[in-house]
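Load the model in a viewer and keep the selection tool at hand.

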Amino acid sequence: MPTLPPEPHRQRAMAESFGVDAARYDRTRPAYPDAMVQRIIAAGPGPEVLDVGCGTGTAARQFRAAGCTVLGVEPDPRMAEFARRDGLTVEEATFEAWDPAGRRFDAVIAGTAWHWVDPVAGAAKAARVLRPGGRLAAFWHAFALPRELAQAVTAIYRQAVPEVPFPAAGAQPLQHYQAIFTKAVDGIHASGAFEMPEQWRFDWERRYTRDEWLDQLPTHGTLTRLPADRLAPVLAGVGAAIDELGGSFTATYATIAVTAAHRAR
């Protein structure tokens, strides 16, 4: 996966590029482990959830299916409109600028989105809208390709899109994401409004066919902004590499939640 730029919350053009094909994003991006959803709900005082950067509604639908009432906040109108098609209530704004209008919640969640939020201002805003004992939970998927495929993909990226930072083949996915987790933790600490943050980890695997992975690939990071003529060789090269493995592969995932309870005052 391409490496995120420094201070990703300042990169609004990239943050709001995923809506270029909201249907593809929703179709191909994986959902979150049910065990994580249930643990976040169980750790909070009630069922009212605010989903920050809700995108097309992947996490919001999971929390709704588990019995929660969910309000989404999403800055990209294309993503917000897609989420509304499934009956979700979504308000369009960045989290920092969003007006809660006095509303309070039992949980503030962010699925693969908190890195687009200022970590200090975001934690302080979450504290203002959480009930005492409510929970902030930001979570991400960290995935790893099989080593042979990762080596091929790294070479393809460095040749086709050399301006896109890409971790070295064999790099551990959690190492790539650790800076994001650390910034989230630091922001929570800076707010002074939460108990000690924790990291919850959920490991799982998913088998992808060649077509499934190539369908998802254009939704990754800076690839969303590549013109078709530059994206095509990336897709062709990765497709050929998957064909060399027999046309499918298994990706290993660790879903990490950075979470803390709002301190009752």
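**Stop 1: the sheet**

Select Leu71 first: its bridge partner in β3 is Thr89. This is a predicted model, in which local features need pLDDT of at least 70 and side-chain atom pairs count only at pLDDT 80 or more, while totals for chains, interfaces and linings use all residues. Residues are numbered from 1 along each chain as its sequence is written, and side-chain values use heavy atoms, with hydrogens and water left out.

Now extend the selection to strand β2 (residues 69-73) and β3, which run parallel and are joined by three bridges. Strands here are DSSP runs of E with at least two residues, helices are runs of H or I with at least four, and both are numbered from the N terminus. Two strands pair if DSSP finds at least two bridges between them. Strands of a sheet pair through backbone hydrogen bonds, either parallel or antiparallel.

Show the whole sheet next. Seven strands form an open sheet with mixed pairing, in the order β3-β2-β1-β4-β5-β7-β6. At the edges are β3 (89-91) and β6 (198-209), each of which pairs on one side only. From one strand to the next the twist averages 25°, where axes are lines fitted to C-alpha atoms (for helices over the stretch in contact) and angles run from 0 to 180 degrees between N-to-C directions.

**Stop 2: a cavity**

The structure holds two cavities of 30 Å³ or more. A cavity is a set of points on a 1 Å grid over the protein atoms alone where a 1.4 Å probe fits but cannot get out, and its lining residues have an atom within 4 Å of a point. Grid points are joined across faces, edges and corners, and a volume is the space filled by probe spheres set on the points.

Go to the second largest cavity, with a volume of about 40 Å³. To see its lining, select Ile40, Ile41, Gly44, Gly46, Val49, Phe63, Cys68, Asp106 and Ala107. The elements that give two or more residues to this lining are α3 (34-42) and β4 (105-111). The lining residues divide into six nonpolar, two polar and one charged; Ala, Val, Leu, Ile, Met, Phe, Trp, Tyr, Cys and Pro count as nonpolar, Asp, Glu, Lys and Arg as charged, and the others, Gly among them, as polar.

**Stop 3: salt bridges**

Asp106 lies in strand β4 and Arg131 in strand β5 (residues 130-144), so the pair ties together parts that are 25 residues apart in sequence. A salt bridge is a side-chain nitrogen of Lys or Arg within 4 Å of a carboxyl oxygen of Asp or Glu. Asp106 is buried at 5% relative accessible area, whereas Arg131 is partly exposed at 26%. Buried means under 20%, exposed over 50% and partly exposed in between (1.4 Å probe, protein chains only).

Move to Arg78 and Asp76, whose side chains form a salt bridge (2.9 Å, N to O). Arg78 is partly exposed at 40%, and Asp76 is buried at 3%. Then select Asp21, Arg24, Arg27 and Asp215, which are linked in a network of salt bridges.

**Stop 4: two loop residues**

Which loop holds Ala101? Ala101 sits between β3 and β4, and has a positive phi of about 50° although it is not a glycine. Ala101 is exposed, at 57%. Finish at Thr112, in the loop between β4 and α6 (119-129). Thr112 also has a positive phi of about 50° without being a glycine, but counts as buried at 19%.

Conventions: On a 1 Å grid over the protein atoms alone, a cavity is a set of points where a 1.4 Å probe fits but cannot get out, and a pocket is an open set with protein on both sides within 12 Å along at least five of seven lines; lining residues have an atom within 4 Å of a point.
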